[in-house]
Amino acid sequence: MYATAFLAILLGASAVDSVLGAAVPSYVSRHRARHTSMPGLKLIRGQVKTSSYIVKLADTVTNRTAHLDWANSMVAQSNATNATSVQSFSQTVFDGYAAELDDHCVSMLLASEDVAWVEEDAVVRISGSQTNAPWGLSRLSSSTPLPANSDVNSLTFDYTFNDEAGTGVDVYIVDTGLRATHQDYQGRAKMLFSLPGLATTDDNGHGSHVGGTIAGNNFGVAKKASLFGIKVMDADGSGSTSGIIQGIQVAMQAAAKSGRPSVINMSIGGAGSRALDSAATSAVNAGMFVVVAAGNDAVDAGTESPARAPAVITVGAMNIQDRVSTFSNFGSSVDIFGPGEDIISCGIQSDTDVASLSGTSMATPHISGLVALLVSQQPDITPAGLTTLIKSLGTQNALKGVPTRSTVNLLAQNLLPDSGIATTSASLISTTAVASTKTNNADSATTTLN
């Protein structure tokens with residue numbers, strides 16, 4: 001189903017590098033912080049080859065051969081593990097060379113008048129592509145709007161993604177549970193926990209739909225991530241703040257035990273609760289990536305939890321016309337928008353069932369999948385660094401109908417610009433999920449699906 005479409009440099013391994021001398025961005029792997037003492041060295045935001053660099057010769061270099069001889073003599077004395085000799089390129093292609101170098105060699109090159117700049121050598125991988133994707137995935141991998149009159153029920157859109165695709169990342173879905181046997185999960189889903197008195201599977205459908213958007217083979221953003229269902233909501237889609245906190249606790253304990261990069265998706269919300277905000281923040285402080293729905297009440301998300309918690313990634317919803325959904329909460333607590341109307345994903349009537357739902361609940365798993373996708377490429381990235389990276393990859397001013405000036409106009413994108421395209425066609429029957437009301441009792445508030 002997926003063809004290997006083209007080579008994509010991992011996660012910003014482009015000319016958009018951070019020149020050291022300024023502070024090292026939080027998304028740069030911690031083991032490279034030592035390079036802050038080398039002004040002029042260009043860091044790559046993605047995965048890099050150990051001790052490997054690309055050197056650009058200055059336009060003013062007078063004796064290219066002499067410089068290469070000098071560089072080769074340095075490489076011969078380098079302490080880099082696999083240092084041999086420089087790989088010189090044709091001047092018509094790139095006037096420079098690649099080499100494995102230790103820190104001393106890099107410093108010498110940076111001090112040479114023959115050298116314009118030195119850049120880390122990025123790891124490059126094959127990207128995957130999908131031609132039978134729902135519209136939300138396609139919009140996530142395209143920096144431009146989908147064609148006019150695109151059909152929300154079509155499953156012939158194109159989706160382009162990095163082939164790491166969430167490998168090695170666990171996503172905990174605090175929701176109504178998972179139909180773990182659904183074929184779209186390909187055996188990567190498991191029910192981990194149900195609150196006492198609740199079913200041990202998804203008897204509502206909300207959590208399974210969310211899971212499909214995160215990591216389904218057909219419907220998912222991160223097609224190789226692992227899913228864990230934590231059931232804290234009943235068949236009617238209701239639960240309590242204390243139940244959600246217990247679900248967060250289960251996720252944190254499981255993540256600590258596994259030691260794997262871990263995401264919590266909460267497509268739920270309720271009245272403002274200091275307790276729930278604190279629990280969500282604790283998960284982030286423990287190194288987990290927490291993604292939550294902004295809410296479906298068309299009010300300021302700063303009045304609801306856990307959407308208002310500063311440490312989490314709060315997601316608003318938009319539609320296929322790039323318009324903010326009329327139901328979506330807004331305000332400064334919203335970090336980014338994702339596809340949230342008429343989203344096709346897994347149903348629960350059978351292991352092949354398909355359903356279409358709308359809500360910030362549906363936008364949130366697009367971002368949780370994006371988190372898993374990016375974390376699989378940068379497993380050492382911090383939650384704060386990941387939030388910064390997602391915002392930097394987003395498309396600015398792409399949305400229409402943004403409710404207030406305090407609301408960010410930022411649409412999520414999974415790859416560097418111009419890496420995705422979209423087409424249209426065909427149809428499926430759709431049903432729509434509606435938002436439930438919320439109470440104002442913070443400690444024992446009824447919490448509902450978003």
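I looked up strand β6 (residues 96-100) and found five of its five residues buried, so the strand is largely enclosed by the rest of the structure. Buried here means under 20% relative accessible area with a 1.4 Å probe, protein chains only; strands are DSSP E runs of at least two residues and helices H or I runs of at least four, numbered from the N terminus.

The model is predicted, with local features needing pLDDT of at least 70 and side-chain atom pairs pLDDT 80 or more, while totals for chains, interfaces and linings use all residues. Residues are numbered from 1 along each chain as its sequence is written, and side-chain values use heavy atoms, without hydrogens and water.

I then noted the directions in β6: Gly96, Ala98 and Glu100 point one way, Tyr97 and Ala99 the other. In a regular strand the side chains alternate between the two faces of the sheet.

Next I examined helix α1 (residues 64-76) and helix α2 (residues 103-111), whose axes (lines fitted to C-alpha atoms over the stretch in contact, with angles from 0 to 180 degrees between N-to-C directions) come within 10 Å and cross at roughly 160°. The two are therefore roughly antiparallel (over 145 degrees; roughly parallel is under 35). Their contact (heavy atoms within 4.5 Å) involves His67, Trp70 and Met74 of α1 and Cys105, Met108 and Leu109 of α2.

Finally, I checked helix α5 (residues 241-258) against helix α6 (residues 274-285): the axes come within 10 Å and cross at roughly 10°. I therefore recorded α5 and α6 as roughly parallel to each other. Residues of α5 including Ile244 and Met252 meet residues of α6, among them Leu276 and Ala283.

Definitions and conventions:
Angles under 35 degrees count as roughly parallel, over 145 as roughly antiparallel, 65 to 115 as roughly perpendicular and the rest as oblique. Buried means under 20% relative accessible area, exposed over 50%, partly exposed in between (1.4 Å probe, protein chains only).
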